[in-house]
Amino acid sequence: MANVYISIVAATLIALLYMKAVAETPSPGTSGIEGTIVVSPTRPGPIRKDEEPSVAPVRNAQFAVKAGDATVKTFTTDGEGRFQVALPPGQYVIVREGTPPRIGRWRFEADVVAGQVTKVNWTADSGMR
């Protein structure tokens, strides 16, 4: 009897993992941008040679995708700074929404090609020195 329950649980887990993988795979012909956004430095002062750079994911931040002056879409990064947004082919500028930082750099550019998802890893400049 226990083997039957284990088999059912195992089959259910396999089905759930398969559905998750299918859901995360962009459909053919989809175009857009996906990747991560991190910020550096995360603390002021010099970084020593023996230290890791102070980099942190940009968590749960909202960004606007612009074509010219028009906002085409918005997206929010997850807890690890990852995002994915479907877009038609074109050239875009991505900026952080909300209160604009007084210092630093939060502007990125991306080219989207038909039928392709552009993969990016962007680093925002916090402006700390």
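**Before you set off**

This is a predicted model, in which local features need pLDDT of at least 70 and side-chain atom pairs count only at pLDDT 80 or more, while totals for chains, interfaces and linings use all residues. Residues are numbered from 1 along each chain as its sequence is written, and side-chain values use heavy atoms, with hydrogens and water left out.

**Stop 1: the whole chain**

Show the protein chain as a cartoon and you will find 1 helix and 8 strands. Helices (H or I, at least four residues) and strands (E, at least two) are DSSP runs, numbered from the N terminus. Along the sequence the pattern reads α-β-β-β-β-β-β-β-β. Of the 129 residues in the protein chain, 25% are buried; buried means under 20% relative accessible area, exposed over 50% and partly exposed in between, with a 1.4 Å probe and protein chains only.

**Stop 2: the open sheet**

Now select S4, S3, S6 and S7. In that order these 4 strands form an open sheet with antiparallel pairing. Strand S4 (70-76) and strand S7 (107-112) are at the edges with a single partner strand each, so one side of each has no neighbour in the sheet. On average, neighbouring strands here are turned by 30° against each other, direction ignored; for such angles, axes are lines fitted to C-alpha atoms.

Two strands pair if DSSP finds at least two bridges between them. S3 and S4 run antiparallel and are joined by 6 bridges. Back at the opening pair, S3 and S4 make a hairpin with 2 residues between them, and Gly 68 in the turn has a positive phi of about 70°. Next, move to strand S6 (residues 90-96), which pairs with S7 over 6 bridges in the antiparallel sense. Pick Val 93 there and look for Glu 109 in S7, which stands opposite.

**Stop 3: the aromatic rings**

Show the side chains of Phe, Tyr and Trp. The structure holds 4 aromatic pairs. Rings (for Trp, the six-membered ring) pair if their centres lie within 6.5 Å; planes under 30 degrees apart count as stacked, over 60 as edge-to-face and the rest as tilted.

Begin with Phe 75 and Phe 83, a stacked pair at 4.4 Å centre to centre with 20° between the planes. Phe 75 is buried, with a relative accessible area of 6%, and Phe 83 also counts as buried at 6%.

Then select Phe 108 and Trp 122, another stacked pair, 4.7 Å centre to centre with 5° between the planes. Phe 108 lies in strand S7 and Trp 122 in strand S8 (residues 117-125), so this pair ties together parts 14 residues apart in sequence. Phe 108 is buried at 3% relative accessible area, and Trp 122 counts as buried at 11%.

**Stop 4: the nonpolar core**

Which residues have the most contacts inside the largest nonpolar core? Select Ile 33, Ile 37, Phe 63, Phe 75, Phe 83, Ile 94 and Trp 122 to see them, in a core of 20 residues. A nonpolar core is a set of buried Ala, Val, Leu, Ile, Met, Phe, Trp, Tyr and Cys residues joined through side-chain atoms within 4.5 Å. Elements giving two or more residues to this core include strand S1 (32-40), strand S3 (62-67) and strand S5 (82-86).

Centre the view on Ile 37. Leaving out residues up to four places away in sequence, Ile 37 touches several residues, among them Pro 57, Phe 63, Phe 83 and Trp 122. Contact means heavy atoms within 4.5 Å.

**Stop 5: two loops**

Most residues other than glycine have a negative phi, and most peptide bonds are trans. Go to Pro 41, in the loop between S1 and strand S2 (56-57). The peptide bond from Ser 40 to Pro 41 is cis, with omega near -15°.

Finish at Asn 60, in the loop between S2 and S3. Asn 60 has a positive phi, near 50°, and counts as exposed at 55% relative accessibility.

Methods. Axes are lines fitted to C-alpha atoms, for helices over the stretch in contact, and angles run from 0 to 180 degrees between N-to-C directions.
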